[in-house]
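Thank you all for making the time this morning. I would like to go through one model with you, so please have a look at it before I start.

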Amino acid sequence: MRAPYRVLFDTVFAKMDPEDAHHLAFRVITALPKLRLAGIVGRLTAPAPSLAVDALGLRFSSPFGVAAGFDKDAKGVAGLGALGFGHVEVGTITARSQPGNERPRLFRLVPDLAVVNRMGFNNFGAHAAALELSRARSAPSRPVIGVNIGKSRAVDVDDAIDDYLASTRLLAPLADYLAVNVSSPNTPGLRGLQELDKLAPLLEAVRDAAGHTPVLVKIAPDLDDEGVRRIGALVTELGLAGVIATNTTLSREGLASEASVVDAAGAGGLSGAPLAARSIEVLKLVRESVPAETCVISVGGVSSAADVDERLRAGATLVQGYTAFLYRGPLWARQVNRGLVVLRRRRMAA
């Protein structure tokens with residue numbers, strides 16, 4: 001017997017444009033606190049106290065959180081927290097408001113439990129996000145809030161530092177941690193910022209402007225192993241708080257979806273289950289390249305409690321997911337959190 005959400009997905013959401021389906025689901029999530037349902041839902045989904053994690057000078061109620069991309073403008077923090085996520089990374093937010101790429105720009109690869117996106121950092125900009133974050137922080141009960149910042153499309157790569165700093169100065173005081181995104185494939189020239197001669201001055205400038213707010217860098221899975229190690233060494237040299245590994249991939253290898261469907265999706269970053277193997281490889285490379293106290297957040301191909309547990313046992317401090325949310329529905333975080341408790345009890349009993 002199929003789970004109720006999977007029936008809903010197959011009969012309703014799968015027949016909708018993926019971006020329209022996302023907006024519909026997001027409206028429901030943002031309605032939870034407005035309808036005074038967040039507290040009721042939260043009592044049903046709250047992570048067990050034993051799952052709490054101390055990292056970045058913060059207390060996370062669960063090691064499992066929402067990756068950037070789901071809540072682009074910090075409008076759904078309270079609702080997502082009520083669903084059981086220990087942290088919500090909002091964004092990617094740019095200094096300037098921008099519409100992103102033309103639609104369609106989000107495509108499902110259902111047999112692979114994957115998504116291709118070329119959204120292009122669509123968001124209302126840092127000033128609008130600052131207002132939303134101020135409201136989100138004032139909520140009586142909220143998850144940890146990470147803020148993911150990127151380069152405005154209209155800004156030349158050579159002027160990227162000033163653009164990132166504009167966002168940093170506005171958003172770092174309102175963030176529990178700041179994530180510097182230099183790894184999305186959907187903004188021209190952005191991944192070039194992962195080259196050390198460009199990355200070092202950018203991260204140093206953001207670190208200094210962020211003050212006491214922890215700064216992490218988000219990297220691509222398509223870096224070669226030595227490139228990952230070099231960034232790990234740079235993070236250590238600069239004294240940054242951590243690394244988020246990984247963003248979406250340009251690879252289309254090993255997909256189960258028909259080639260015509262993949263070709264029709266076109267360019268963009270692939271996320272979901274096919275990314276899992278490389279994401280774990282990069283996690284292990286980063287963990288080997290940074291001190292034990294450095295926070296490493298693993299993301300990419302995470303679907304189940306077993307996936308989260310595997311990442312934690314491989315050295316992740318925290319774990320994020322996004323794509324499987326589309327396929328597993330609103331009780332996903334609750335399922336993961338409860339599954340983690342069961343796995344840990346079994347291990348203790350063995």
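This is a predicted model: local features need pLDDT of at least 70, side-chain atom pairs count only at pLDDT 80 or more; totals for chains, interfaces and linings use all residues.

Residues are numbered from 1 along each chain as its sequence is written, and side-chain values use heavy atoms, with hydrogens and water left out.

Let me begin with helix 5, residues 126-137, and helix 6, residues 160-171, whose axes come within 9 Å and cross at roughly 20°. Helices here are DSSP runs of H or I with at least four residues, strands are runs of E with at least two, and both are numbered from the N terminus; the axes are lines fitted to C-alpha atoms, for helices over the stretch in contact, and angles run from 0 to 180 degrees between N-to-C directions. That makes helix 5 roughly parallel to helix 6, a term for angles under 35 degrees. On the helix 5 side, Ala126, His127, Ala129, Ala130 and Leu133 meet Ser167, Leu170 and Leu171 of helix 6, where contact means heavy atoms within 4.5 Å.

Helix 6 also packs against helix 7, residues 196-210, at an angle of about 25° with the axes 10 Å apart. Here Ile161, Tyr164, Leu165 and Thr168 of helix 6 touch Pro201, Leu202, Ala205, Val206, Ala209 and Ala210 of helix 7.

What is the length of helix 10, residues 276-289, from its first C-alpha to its last? Its 14 residues reach 20 Å, close to the 20 Å expected at 1.5 Å a residue, the expected span being 1.5 Å times one less than the number of residues. Among its buried residues are Ile280, Leu283 and Arg287, buried meaning under 20% relative accessible area with a 1.4 Å probe, protein chains only. What covers the buried residues of helix 10 includes helix 8 (225-238) and strand 12 (295-299).

Finally, the backbone. A cis peptide bond joins Arg103 and Pro104, with omega about 0°, and another cis bond runs from Ala245 to Thr246, with omega near 20°. Ala74, although not a glycine, has a positive phi of about 65°, and Ala74 is buried at a relative accessible area of 2%. Phe121 likewise has a positive phi, near 55°, and counts as buried at 6% relative accessibility.

Conventions. Angles under 35 degrees count as roughly parallel, over 145 as roughly antiparallel, 65 to 115 as roughly perpendicular and the rest as oblique. Buried means under 20% relative accessible area, exposed over 50%, partly exposed in between (1.4 Å probe, protein chains only).
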